[in-house]
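Please read its points in order, with the structure at hand.

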2 protein chains.
Amino acid sequence: MKKRIAILGSTGSIGTQTLDVIANHPERFEVVALAAGRNIDLILEQIRTFCPRVVSVADASAASELKSRIGDEVQIEHGERGLIQVAAHSGADMLVTAIVGSRGLAPTLAAIEAGVAIGLANKETLISAGHLIMEAAKRRAVPIIPIDSEHSAIFQCLNGENPAQVKRIILTASGGAFRDKQRSELARVTVEEALRHPNWSMGAKITIDSATMVNKGLEVIEAHWLFGLDYDRIEVVIHPESIIHSMVEYADTSIIAQLGNPDMRVPIQYALTYPERIAGPYRPLDLVRAGALHFRPMDTDRYPSVSMAYDAGRCGGTMPTVFSAANEVAVERFLQRDIEFLQIEDVIASVMEQHQVTPHPGLEEILAADHWARDMARRMFRP
Amino acid sequence: MKKRIAILGSTGSIGTQTLDVIANHPERFEVVALAAGRNIDLILEQIRTFCPRVVSVADASAASELKSRIGDEVQIEHGERGLIQVAAHSGADMLVTAIVGSRGLAPTLAAIEAGVAIGLANKETLISAGHLIMEAAKRRAVPIIPIDSEHSAIFQCLNGENPAQVKRIILTASGGAFRDKQRSELARVTVEEALRHPNWSMGAKITIDSATMVNKGLEVIEAHWLFGLDYDRIEVVIHPESIIHSMVEYADTSIIAQLGNPDMRVPIQYALTYPERIAGPYRPLDLVRAGALHFRPMDTDRYPSVSMAYDAGRCGGTMPTVFSAANEVAVERFLQRDIEFLQIEDVIASVMEQHQVTPHPGLEEILAADHWARDMARRMFRP
């Protein structure tokens, strides 16, 4: 029987690549539901190619535009309710959460409660609600398979091993678009420069997060929840080639690493086929051609957002939500040329500083903290 | 209950390091039997430290010397019969085959038939009798855990994976003592130069095998049997740092690698504790300090012995035995300054050329081919 897949964020970078993987293996996968925003042209094309039963779009006006163009062929939903419909009530075996930001939270929890396996590409879900998500996944025995290349690598390196014998995990970081610049050179960098990632082709938000290394900070917090490890046992090393996607060091000092060319379709496919591996149209890694792999220390003076992430993670409660939400708004504002590149960090730091942490928050408290942090971040550095 | 360990070759490089690992974990391991050659002083010290029940030495004269110095404290055996006693009839749970050369063959087979798990460090066993060993191990459900760092790495990279989804394995090779020399510079190299391995501290024979790359050729044949892979799916890449110990590429292009500092005690301990991993006094790998890992293509013109090994492996039958036995004698002769360094390859090539292959050989035919090849190799290039 084919695996039934639902995707939150089908028109984004991870969403389209997930559909690309599915298109390469029509004998294995069936798309049952898609959720997207306002890119009606693309969602129409996806409906025609993959024939989902349910489609959700951003809001009522996007829904009526879609309805007017496609008729009653598919069930059309919208908004938060639509996301939950796609995630939890579309008959999917697996939900790929490729949506960006805190909107992924409620539908992911709903999917877990409905027993749907999660292919996790939405970082904010674990950042904000790791304690709720992992508890629910454990209680419902729902697998959470990471799609992020770093976490997928660690997940693969843990195959067949005893998690109790893990000494530390080592997340590799490309260093982002500005890795060869001094901190003093970052004051006036442009949006266009920040969007030029050296190795990966990704969405705009994640590319900026990679340049600030907020990305890596979020991955540290995510790894804490996914793999149940103290922050002391999660390290970051700069690896400019992005060929070793991450590593696990065990009690006996053996390190297991996962390597490959930078191609998000590989970890996406792995999440869809796990525990199997299947062939795909991916370029094999040629280490001789690569020639050399380099490693540099993580410099927290150069990348203060990584320290902020560790602080937020160790603080816990609503603080990681605030870190992530403040960053989300700050990145939007940078992309809109409303603040400078280095002000992204300033926004995050100031919002965190003003936050009164709620420990062990429920979903509503998380969303309240998220709302508060966004509001604060929007008002920061206004003339 | 403690794991009962027997060791063939306890006074050699792997043997002493195995005892070092055991000494670090007296709560886990007990030494029940040791076999060594003529180093009576060291075997006496090992008897006093580890209190084995059975000890075997090279021959009757070594046995009576040992008996005169230690009395009736332990059961003393010698020769081929002694090796089999230690391997198969000492009550061991695991046999570490750290003996060098074809003498390891019969006792290893006897141990498998007796249901004793094998920690395999004797390359020649699989080279000569891979078909017999793997058949017996399968029939008796006896685990064969490789100790060689490359095969241990591959074994670790296969943890939790489906062997059917392996695309190829990539053995890394340091390139040996002469990796930065042209082939034309090798004509007059000395024994002392050949014994200076850049990364690993090993026995003399294996260090020379590393300089000629016969070592890597033997590992290719060994990997063929251990992991059940065609020769087309076994590759060699030069990796001067010896930090990535080997890799497995899967169907989806993902590569899983095992990394660590060069310390044979780590794969030895892994074989003893598998499937567990435990802490030990080993220096953790610091990739930032290493700085860079390099990769170069395997050049079969520079290292013709690797091609000879593939040829011997593909030819099968008694040919790998002849390759290995001719090499063993050629290395002895080089160490005795009886032939030049490059003549090691010439000896192997000539003996292989003159060999009439017996397909699917039994133990006697293997030993006959081994004897024939040694004899030929001894007579080659005599004045």
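1. Contact here means heavy atoms within 4.5 Å. By that criterion, and not counting residues up to four places away in sequence, B:L158 touches B:V166, B:F227, B:V248 and B:Y250. The C-alpha atoms of B:L158 and B:V248 are separated by 7.4 Å, although the two residues stand 90 residues apart along the chain.

2. This is a predicted model, in which local features need pLDDT of at least 70 and side-chain atom pairs count only at pLDDT 80 or more, whereas totals for chains, interfaces and linings use all residues. Residues are numbered from 1 along each chain as its sequence is written, chains are lettered from A in the order in which they are written, and side-chain values use heavy atoms, with hydrogens and water left out.

3. Helices (H or I, at least four residues) and strands (E, at least two) are DSSP runs, numbered from the N terminus. B:L158 lies in the loop between α7 (149–157) and β8 (166–173) of chain B.

4. Is helix α9 (residues 204–212) of chain A mostly covered or mostly exposed? Seven of its nine residues are buried, that is, under 20% relative accessible area with a 1.4 Å probe, protein chains only. Among them are A:K205, A:I208 and A:D209.

5. The buried residues of α9(A) pack against several helices of chain A, including α6 (123–139), α10 (214–227) and α14 (319–335). After α9(A) comes A:M213, whose phi is positive, near 70°.

Technical notes:
Buried means under 20% relative accessible area, exposed over 50%, partly exposed in between (1.4 Å probe, protein chains only).
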